[in-house]
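Please look through the model below before reading on, with the sequence at hand so that residues can be found as they are named.

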Amino acid sequence: MLLEIKDLCVSAEDKDILKSLNLSVNAGEVHAIMGPNGSGKSTLARALSGHPGYAVTGGSITYNGKDLLDMAPEERACEGVFMAFQYPVEIPGVNNAYFLKAALNAVRKHRGEQELDAVEFMTLIREKASLLEMDQSMLHRAVNEGFSGGEKKRNEIFQMAVLEPKLAVLDETDSGLDIDALRVVANGVNALRSPDRAIVVVTHYQRLLDYIVPDFVHVLSGGRIVRSGGKELALELEEKGYGWIDAVAGAGA
Amino acid sequence: METTEESIEQLATREYKYGWETILESDTFPPGLNETVVRGISAKKNEPEWMLEFRLKAFRAWQDMAEPTWHNLQIEPIDYQAVSYYSAPKAKPQLASLDEVDPEVLATFAKLGIPLEEQKMLANVAVDAVFDSVSVATTFRAKLGEMGVIFCSFSEAVKDHPELIRQYLGSVVPYTDNFFATLNSAVFSDGSFVYIPKGVKCPMELSTYFRINAKNTGQFERTLIVADEGSHVSYLEGCTAPMRDEHQLHAAVVELVALDRATIKYSTIQNWYPGDKNGKGGIYNFVTKRGKAMTDAKITWTQVETGSAITWKYPSCILQGDNSVGEFYSVATTNNRQQADTGTKMIHIGKNTRSTIVSKGISAGKGQNTYRGAVKIGKNAHGARNYSQCDSLLIGDKCGAHTFPYLEIKNTSSIVEHEASTSKIGEDQIFYCQQRGIATEDAVNMIVSGFCKEVFRELPMEFAVEAQKLLSISLEGSVG
């Protein structure tokens, strides 16, 4: 098993958000995490990546046989955990390609692989950029600076394609995307589906799942997973609304 | 976040790399300043009468002047009588070649990464090395001489090129200019002189390296660069000092004269000892730098200020001639208890004069960073243009950034633009880098370099690399 989350409790700003959450993910699988606003979806993504604003107050996360919670954020990244940010950050003056080269070489160094030189690197990213139908000029602009919402999200998946993580967590990657951008991003993600990679898609809407078809759907409510199923669960949810889940969860509690 | 706070504390603990002292016999005046001392300095240097007169006029003016208080700096009172105004390594009075320089002094510069032996010079850079108050070596002089370029210590220039010194000394920064410049005019000990003849493009970078070594000593150097019509020169200065518990005074004057169609590019990497994390010791750096640009001439100031406990400097341009251009690119960092009040003045006098100001202030620890800039457009400066951009970056929450832009516009056909921003080095930015595998320290360096990019690209290539390194050292550990 690639990822095993047990009884995970996470708080932010002294507020308990995740309350004993359990989730298991195997390599090769795509899991969708859905749920109403405030249910803790993004908190889960951030806790996985080690965001300093989120305190784990209980439970465990085992990743690839190791204690994920014991690792610094950059260590997790080097071990193959990638998060596509809901709000990608701008870094003025830092060239997108330069940034990505630093990231890729940090990851490669960690894996004991040789760092790529400029020529090898440029060859690699040109190839990956075309996968995301990215304009080459985006590579030479400052990281996310002046990018449109769609360009930022596309840039996230592009970085994922270059870094080739084992576990990719997509935090509301669909938010703010129009239908064309959504299709491009989803195609990019689908191209990265592979038997040795797991993808966790955090989303509010079923729409994205028309393009990235999940193997499993989990519904988060009140900080824990209240229902799990196959891809049809997402459709059911779309039809009945989150109120239905709250009712079910309330009845079960 | 807690983690960030802790790392900010860690930042404050890094050590100054150039803090060692060279032990050597030196000829040092006892502390104190009076007319006898001024005469003594002049006598030590065997100066002609006119030079002594200049000093004495300045000294008399200085006695009636008071320190400026308009700056945004907290400075402990300076006892000008406790400073020694002259210190020189004891050596043979005339240095005919490098062989005669005290080997200890040569070793000091080698340790600083400034080899003075010409055959060892890597880059195409001629160096004048100033140790405490005197110039100890100027390299590549013969090669430059072939083209008529004069590059020597100020003292030598007074002897060998009196006509040029008399014509231009004080022509841009008069001896009555301000408290510190006037003090310098009275007691300056040495410095560099450059003259580029008409139409000559100086074939190499010229560089002066300043080192304060002696204790309780002030360093007062003076640089004068004259670029004759249609000539071109790029000049760089660097500076370091040992770690001392008490503050040391540094008051320099730099004058640039760019005659018609000449170009002067003056770059500074200032790394004086900044004091310890509690603000003990460190250089008090009060510098007056100004250039005058005649018709179609261009002056570019680029500075990377990472050292000193106090930095007070405003490299300025008097855009006298029509179509002249002034540029100021600055990165100033303050960490721990450092304070900087720095910026520029662009004085537009000629028609169609243009100026650009790009200032990047970085504050970390308990550092305070002030940008102070003035743009003055005179009534005859038709079509003058200025663009100013002042950006501040804060690291941690105990530091400060301040901006004081002054505008004085007397010609309605001019265009003046000012942009300013203040940002905090975001935890979000750092986390974003970390999530991609980049360690915190590297992330900070990357973000800061990105912030300073527009300035670094103005530096000569080999110095841009040095500046970037220096910056990362001076901010090392500043953020978790």
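This is a predicted model: local features need pLDDT of at least 70, side-chain atom pairs count only at pLDDT 80 or more; totals for chains, interfaces and linings use all residues.

Residues are numbered from 1 along each chain as its sequence is written, chains are lettered from A and ligands numbered from 1 in the order in which they are written, and side-chain values use heavy atoms, with hydrogens and water left out.

Chain B contains 11 helices and 22 strands, where helices (H or I, at least four residues) and strands (E, at least two) are DSSP runs numbered from the N terminus. Of its 480 residues, 62% are buried, a word that here means under 20% relative accessible area, with exposed meaning over 50% and partly exposed in between (1.4 Å probe, protein chains only). Among the contacts in chain B with a separation of 6 or more, 84% join residues 24 or more positions apart, a contact being heavy atoms within 4.5 Å.

Across the whole structure, a search finds four cavities of 30 Å³ or more. A cavity is a set of points, on a 1 Å grid over the protein atoms alone, where a 1.4 Å probe fits but cannot get out, and its lining residues have an atom within 4 Å of a point; grid points are joined across faces, edges and corners, and a volume is the space filled by probe spheres set on the points. The largest cavity holds about 90 Å³ of space. Its lining is made of 15 residues, and those nearest the centre are Ser359(B), Gly361(B), Asn369(B), Thr370(B) and Tyr371(B). Two or more lining residues come from each of the chain B elements β16 (325–334), β18 (354–363), β19 (368–377), β20 (385–394) and β21 (400–409). By type, the lining comprises four nonpolar, nine polar and two charged residues, with Ala, Val, Leu, Ile, Met, Phe, Trp, Tyr, Cys and Pro counted as nonpolar, Asp, Glu, Lys and Arg as charged, and the others, Gly among them, as polar.

Gly361(B), one of the residues nearest the centre of that cavity, belongs to strand β18 of chain B and is buried, since its relative accessible area is 9%. Leaving aside neighbours within four places in sequence, its contacts are Ala332(B), Asn369(B), Asp391(B), Ser392(B), Leu393(B) and Phe451(B). Although Gly361(B) and Ala401(B) are 40 residues apart in sequence, their C-alpha atoms are 7.4 Å apart.

Elsewhere in chain B, helix α3 (residues 49–63) has 15 residues and should therefore span 21 Å at 1.5 Å a residue, which agrees with the 21 Å between its end C-alpha atoms; the expected span is 1.5 Å times one less than the number of residues. Its buried residues include Trp50(B), Phe54(B), Arg55(B), Phe59(B) and Trp62(B), and what covers the buried residues of this helix includes α2 (35–44), α6 (154–160), α7 (162–168), α8 and β8 (221–227) of chain B. Within helix α8 (residues 179–187) lies Asn184(B), which counts as buried because its relative accessibility is 0%. Not counting residues up to four places away in sequence, Asn184(B) touches Phe220(B), Glu221(B), Arg222(B), Ala251(B), Ala252(B) and Val253(B).

In chain A, the buried residues of helix α6 are Ala181(A), Leu182(A), Val184(A), Val185(A), Ala186(A), Gly188(A) and Val189(A), and their cover includes α5 (149–163), β9 (167–171), β10 (198–203) and α7 (207–211) of chain A. The N-terminal end of α6(A) is capped by Asp178(A), with a side-chain oxygen 3.1 Å from the backbone nitrogen of Asp180(A). Helix α5 of chain A is the place of Lys153(A), a residue that is buried because its relative accessible area is 4%. Beyond neighbours within four places in sequence, Lys153(A) is in contact with residues including Phe85(A), Pro88(A), Glu172(A) and Val185(A), and its side chain reaches the backbone oxygen of Gln86(A) at 3.4 Å.

Terms used: A polar contact is a pair of N or O atoms within 3.5 Å; within protein, one must be able to donate a hydrogen and the other to accept it, and residues adjacent in sequence count only if both atoms are side-chain atoms. On a 1 Å grid over the protein atoms alone, a cavity is a set of points where a 1.4 Å probe fits but cannot get out, and a pocket is an open set with protein on both sides within 12 Å along at least five of seven lines; lining residues have an atom within 4 Å of a point.
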